[in-house]
Amino acid sequence: MPPLKSAATLAADARHTVTIVLNGTPRTGQAHPRLLLSDFLRHELGAHGTRVGCEHGVCGACTVRIDGVAQRACLTLAVQADGRRIDTVEGLSRSNEGPNEGRMTALQEAFRRHHALQCGFCTAGVLMSLSDYLSRNPKPTEEELRDMLSGHLCRCTGYAGIVRAVMDVTGQAAASDTMGGEAAHV
């Protein structure tokens with residue numbers, strides 16, 4: 001990330017203009033210097049798909065892509081995002097062009113097909129991390145995938161459906177599918 005604005009321009013008691021490109025659309029809002037990006041997205045810009053779980057960067061529910069890289073929005077200040085491109089779960093389906101615009105991505109469809117979500121609280125962050133991860137590693141092994149998922153806390157699924165969904169969308173079989181049972185949890 002580029003360095004923060006200088007302290008001289010960020011008066012602690014004032015709100016500052018923050019302009020980002022949110023899911024491909026320029027958006028501007030106001031933020032105090034200590035406002036978290038997760039809160040700015042939800043409360044100032046109305047991007048409610050970004051969830052706030054632990055507020056310590058541990059659970060991964062708030063994961064967004066900043067300039068294409070998955071990052072925790074609860075560990076990023078809104079003023080740090082000024083001038084950056086921020087992609088949230090709301091923008092995943094918008095990333096498609098032409099006749100598929102607005103439809104779920106193959107990964108989202110695989111999540112639905114393999115019951116990779118239950119309550120859905122963590123799903124947005126997992127999808128954002130996976131969209132970044134799969135762009136860099138399109139054919140991960142199940143072990144690599146489970147290692148990446150270890151940065152996310154899901155209290156409902158046990159991760160088996162998530163692993164099956166990702167392995168399916170990458171054209172691979174999950175070990176639990178070939179072993180006749182559940183693979184070890186993350």
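The model is a predicted one. Its largest nonpolar core has 25 residues, and a second, separate core has 19 residues. The count of disulfides comes to zero.

**Nonpolar cores**

- Within the largest nonpolar core, which has 25 residues, those with the most contacts inside it are F111, L130, L145, L149 and I162.
- The elements that give two or more residues to this core are the helices α2 (106-113), α3 (123-136), α4 (142-149) and α5 (160-169), and it is α3 that gives the most, with seven residues.
- Leaving aside residues up to four places away in sequence, I162 touches F111, A116, V126, L130, L149 and T157.
- As general background, nonpolar side chains in soluble globular proteins tend to be buried together.

**The pair α4 and α5**

- The helices α4 and α5 pack with their axes 11 Å apart and at an angle of about 130°, which means that α4 is oblique to α5.
- In passing α5, α4 makes a right-handed crossing.
- On the α4 side the contact is made by E142, L145, R146 and L149, and on the α5 side by I162, V163, V166 and M167.

**Cysteines**

- A disulfide requires two cysteine sulfur atoms within 2.5 Å, and by this rule none is counted in the model.
- For C74, the closest cysteine sulfur is that of C62 at 3.6 Å, and so the two are too far apart for a bond; C74 is itself buried, with a relative accessible area of 5%.
- For C154, the closest cysteine sulfur belongs to C122 and is 3.6 Å away, which is likewise too far for a bond; C154 is buried as well, with a relative accessible area of 10%.

**Residues with a positive phi**

- Most residues other than glycine have a negative phi, which is the background for the two residues that follow.
- D67, although not a glycine, has a positive phi of about 50°; D67 is placed in the loop between β3 (63-66) and β4 (69-72), and it counts as partly exposed because its relative accessibility is 40%.
- H115, which is not a glycine either, has a positive phi of about 50°; H115 lies in the loop between α2 and α3, and its relative accessibility of 63% means that it counts as exposed.

Definitions and conventions
Residues numbered from 1 in each chain as written. Predicted model: local features only at pLDDT ≥ 70, side-chain atom pairs only at ≥ 80, totals over all residues. Heavy atoms only, no water. Buried < 20%, exposed > 50% of the residue type's maximum accessible area, 1.4 Å probe, protein only. Core = buried A, V, L, I, M, F, W, Y, C linked by side-chain atoms within 4.5 Å. Helix = DSSP H or I, 4+ residues; strand = E, 2+ residues; numbered from the N terminus. Contact = heavy atoms within 4.5 Å. Axes fitted to C-alpha atoms, helices over the stretch in contact; angles between N-to-C directions. Parallel < 35°, antiparallel > 145°, perpendicular 65-115°, else oblique. Left-handed = near helix turned anticlockwise from the far one by under 90°.
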